[in-house]
Amino acid sequence: MAGKVIFSILQESHEGPIGDDWKYWIEAKVFNQGLKGTGKISVAKHSLPTGTTQQPPGPPAAVEIPAGEAGQQLKIKVHLKATEVDLFRNDVGETSLDVTLDCPQPGEDPLVHDHDVSVGVVESPGLTGETSIFSVKVRFEILGG
């Protein structure tokens, strides 16, 4: 039977001096003996003051991604691009990471895994060197079919 991954954003946060207006997207690619599916969640420009942890506006809907054959090990490649929106020049940071999880067998309880993804965003132009850390907490709910 085919498994699936339900990919969602639980919360977002920002620490640092470079600004309060943010937009971002985060993508997950699920591999199980080859690429099985991709899901992307985008969050439009909104206010996120420094020191704030909150649920993203909306909140954005979860994305269902095919995971291939149940009972196998999955590799999930995550890519985050965060943009601090400025009047003249936006400040952008990107990061990628891999998460390895097991897909349950059919009939087994779903596996729920929360993961923090953080990226440093440096103010442009790079004269001041100020950096903010933008983070999202994502959830992968893996169902065995």
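This is a short tour of a predicted model, from the whole chain down to two residues.

Residues are numbered from 1 along each chain as its sequence is written, and side-chain values use heavy atoms, with hydrogens and water left out. Local features need pLDDT of at least 70, side-chain atom pairs count only at pLDDT 80 or more, and totals for chains, interfaces and linings use all residues.

**Whole protein.** Show the cartoon. There are zero helices and nine strands (DSSP runs: helices are H or I, at least four residues; strands are E, at least two; numbered from the N terminus). The C-alpha atoms fill a box of roughly 55 × 25 × 20 Å along the principal axes. Of the 145 residues, 39% are buried (under 20% relative accessible area, 1.4 Å probe, protein chains only). Now consider contacts (heavy atoms within 4.5 Å). Among those between residues at least 6 apart in sequence, 71% join residues at least 24 apart.

**Select Ile9.** Ile9 sits in strand β1, residues 2-15. Ile9 is buried, at 6% relative accessible area. Beyond four places in sequence, Ile9 touches Tyr24, Ile26, Ile41, Val43, Pro56, Pro60, Lys137 and Val138.

**Select Glu27.** Move to strand β2, residues 21-31, which holds Glu27. Glu27 is buried yet has no salt bridge (a side-chain nitrogen of Lys or Arg within 4 Å of a carboxyl oxygen of Asp or Glu). Which side chain of opposite charge is nearest to Glu27? Lys29, 4.3 Å away. Leaving aside neighbours within four places in sequence, the contacts of Glu27 include Phe7, Thr38, Lys77 and His79.

Notes:
Buried < 20%, exposed > 50% of the residue type's maximum accessible area, 1.4 Å probe, protein only. Lys, Arg positive; Asp, Glu negative; His and termini not counted.
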